[in-house]
Amino acid sequence: MIRTRTHRSGLPDPGATVPSEPLISVIVPTHNVAPWIDDLMRSVLGQTHRNLDVVVLDDHSTDGTFQILQRYADADRRVRVLLNPGHGGGSARNAGVAEARGEYLAFADGDDIVPHDAYALMVERLEVSGSDMAVGNFAVFGPSHLRRRNQSVPTYDAALSHVTVGDVPSLLRDRVCWNKLYRTDWYRWNGITFSTSLRSNDIYAGTVAYACAQVEILTEPVYVYRQRVGGSSMTSAKTSAPSMLDHFREERKCADVVATMSPAAVDYYYRNMLRFDSWAHLQGLWSESDGSDTAPEIVEILEILGGLVKSATPRSAEALKKAQRWVYRLIAAGASDLLRFGEASTVSDFYLLTMTDTSCWDAVEEALGPDAAEFFAYIIQDELPDLMIASGEEDRTTLHAIIDAIVAADQRYGLAHRSGPLGGEIIRAAHARHEEDSLVLAAAQRNRAGVRITRTAPTRFTVDVSPATATCVLRHSRGAVEPLEARGTAPAEVDVSALARGAWSVLATLELSDRTVEYRPRLNGLEARTHRYDAFRVIEGRNGAVELAVGRGPLVVAAVRRQARTAVSKAARRVNGAGSSLARRLRTGRSS
């Protein structure tokens with residue numbers, strides 16, 4: 001048994017009636033959470049499911065947390081307050097599980113809140129279904145926000161029963177323990193334990209649980225997670241290199257477990273691990289670096305991450321953002337020194353330093369091979385526009401260095417033909433040393449002159465374009481052009497009845513010092529939901545470019561009729577062909 005320092009005056013009455021509700025053991029690790037522990041304990045003890053065994057493992061608090069918890073233990077016989085025999089949240093939870101008496105296990109952290117009916121909702125689902133664990137939606141709140149998890153992760157959009165991680169791979173997005181209820185015997189039988197690492201000590205336990213669980217999914221929020229500001233949170237030190245190393249060591253263990261799951265789950269795991277969790281930690285390496293990228297912890301972090309990247313499936317790698325793909329490719333190639341964690345403070349700084357330091361280009365080519373040209377084309381089109389605009393406003397010396405680097409990269413790799421219309425124009429403006437043209441083009445490339453279309457009537461819509469330096473026209477597929485004339489700052493209004501039927505494209509033009517540039521802007525926003533009486537429809541085409549189909553009714557009807565006639569003809573040919581083949585086989589059979 002674990003030593004306890006609390007006096008238990010509220011002992012159970014031997015003659016008391018035993019509750020009919022299943023007993024739930026709630027494991028609560030605490031460490032210096034005095035300002036918030038009252039909120040947590042009141043929410044747990046106030047549950048509509050009353051039959052609780054609340055096991056609190058205090059992890060050597062020094063701020064009065066333990067004394068506050070003693071008062072709850074004295075007042076409520078359901079509470080036991082124990083000392084963590086080890087150190088850290090993981091060891092505290094493991095000690096709590098060993099002490100648990102309930103048929104079910106729940107976990108809660110000392111600075112969060114549990115909605116009043118959370119345990120009742122989850123235990124009811126498990127009692128009816130017989131599944132191993134229940135997983136519920138949750139809310140995240142901070143000083144200025146409150147949001148539900150289903151707003152960003154689809155796991156909790158629908159209530160599902162008897163599912164596995166193969167059925168719902170997005171379960172792997174939340175490997176935390178506190179929005180769940182487990183069957184205790186199942187949990188112990190599978191040997192699920194928390195790691196003793198200082199960071200991310202629950203993700204391995206969560207991954208192992210999903211690997212062998214039949215799950216109930218609830219749409220209702222069953223937990224409220226508090227995002228604390230300041231340095232007292234258990235997760236506040238996540239940007240330190242030793243803390244991050246703990247995380248990546250745990251992630252490597254998780255990857256070994258995920259390898260036993262379905263292909264869909266493996267794809268989902270790598271896509272989200274690389275896109276969100278690992279990427280967030282990389283931002284920490286850039287922002288918190290102490291000027292050296294050779295610290296032993298950083299070296300090991302990058303070695304582990306490189307191995308994870310190499311294990312990622314092609315489909316998961318394709319789902320990454322371009323900025324992430326290039327960084328991960330360099331890490332996997334063993335060229336992490338190019339990421340300049342000792343110099344750059346953001347990923348954008350890394351791209352800027354790489355672009356303007358031609359002495360490192362040979363190393364980039366060695367790491368990326370023939371794709372080095374695509375790497376530099378990406379930097380020019382997607383990373384430099386914001387940096388050019390900022391330097392144009394604050395530091396022309398940096399702008400000059402960027403322009404020189406663009407010219408040098410184009411001379412070395414021939415990038416103009418690899419870039420889109422605006423990227424190619426940025427390169428040409430750099431060769432001509434037209435700084436102001438470069439800044440105008442950078443502003444347009446940053447937003448690609450986003451177009452917002454709003455339907456004002458079945459035959460009218462408005463077009464709003466940004467940035468203001470760009471103007472737009474409508475061009476018919478047969479060549480006719482209609483100007484889009486805005487009145488001051490108001491968007492341009494288009495009367496569809498004045499347009500010829502057919503397909504119209506929205507084209508943007510920029511007036512430079514020596515030429516006019518035309519390109520297709522992206523659809524930035526759309527408030528033109530189709531209506532049965534609309535005389536037009538909006539289409540988002542290739543690369544987000546905008547097209548309009550005018551004469552919606554007749555065009556759609558004619559297309560549907562053509563498709564129907566084609567489908568009927570194909571079906572008839574298949575039937576006739578099958579009939580002829582059958583007749584031939586029958587004739588052959590008779591003759592034999």
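The exercises below concern a predicted model and are each followed by a worked solution.

Residues are numbered from 1 along each chain as its sequence is written, and side-chain values use heavy atoms, with hydrogens and water left out. Because the model is predicted, local features need pLDDT of at least 70 and side-chain atom pairs count only at pLDDT 80 or more, whereas totals for chains, interfaces and linings use all residues.

**Exercise 1. Burial**

State what percentage of the residues in the protein is buried, and determine which residues of helix H6 are buried.

Solution.
1. Buried means under 20% relative accessible area, exposed over 50% and partly exposed in between, with a 1.4 Å probe and protein chains only.
2. Of the 592 residues in the protein, 49% are buried.
3. Helix H6 spans residues 203-212 and is mostly covered, with seven of its ten residues buried.
4. The buried residues are Ile203, Ala205, Gly206, Thr207, Val208, Ala209 and Tyr210.
5. These buried residues pack against several elements, including strand S5 (133-142) and helix H7 (241-258). Contact here means heavy atoms within 4.5 Å. Helices (H or I, at least four residues) and strands (E, at least two) are DSSP runs, numbered from the N terminus.

**Exercise 2. An arginine in a loop**

Decide whether Arg478 is buried or exposed, and state where Arg478 is found.

Solution.
1. Arg478 is found in the loop between strand S12 (470-476) and strand S13 (481-483).
2. Its relative accessibility is 80%, so Arg478 counts as exposed.
3. Gly502 lies 24 residues from Arg478 in sequence, and their C-alpha atoms are 8.9 Å apart in space.

**Exercise 3. Two packed helices**

Describe how helix H15 and helix H16 pack.

Solution.
1. Two packed helices are described by the angle between their axes and the distance between the axes.
2. Axes are lines fitted to C-alpha atoms, for helices over the stretch in contact, and angles run from 0 to 180 degrees between N-to-C directions.
3. For H15 (residues 396-413) and H16 (residues 421-432), the angle is about 110° and the axes are 9 Å apart.
4. H15 is therefore roughly perpendicular to H16. Angles of 65 to 115 degrees count as roughly perpendicular, under 35 as roughly parallel, over 145 as roughly antiparallel and the rest as oblique.
5. On the H15 side, Ile403, Ile406, Val407, Asp410 and Gln411 meet Ile426, Ile427, Ala430 and His431 of H16.
6. By class, this contact has six nonpolar, two polar and one charged residues. Ala, Val, Leu, Ile, Met, Phe, Trp, Tyr, Cys and Pro count as nonpolar, Asp, Glu, Lys and Arg as charged, and the others, Gly among them, as polar.
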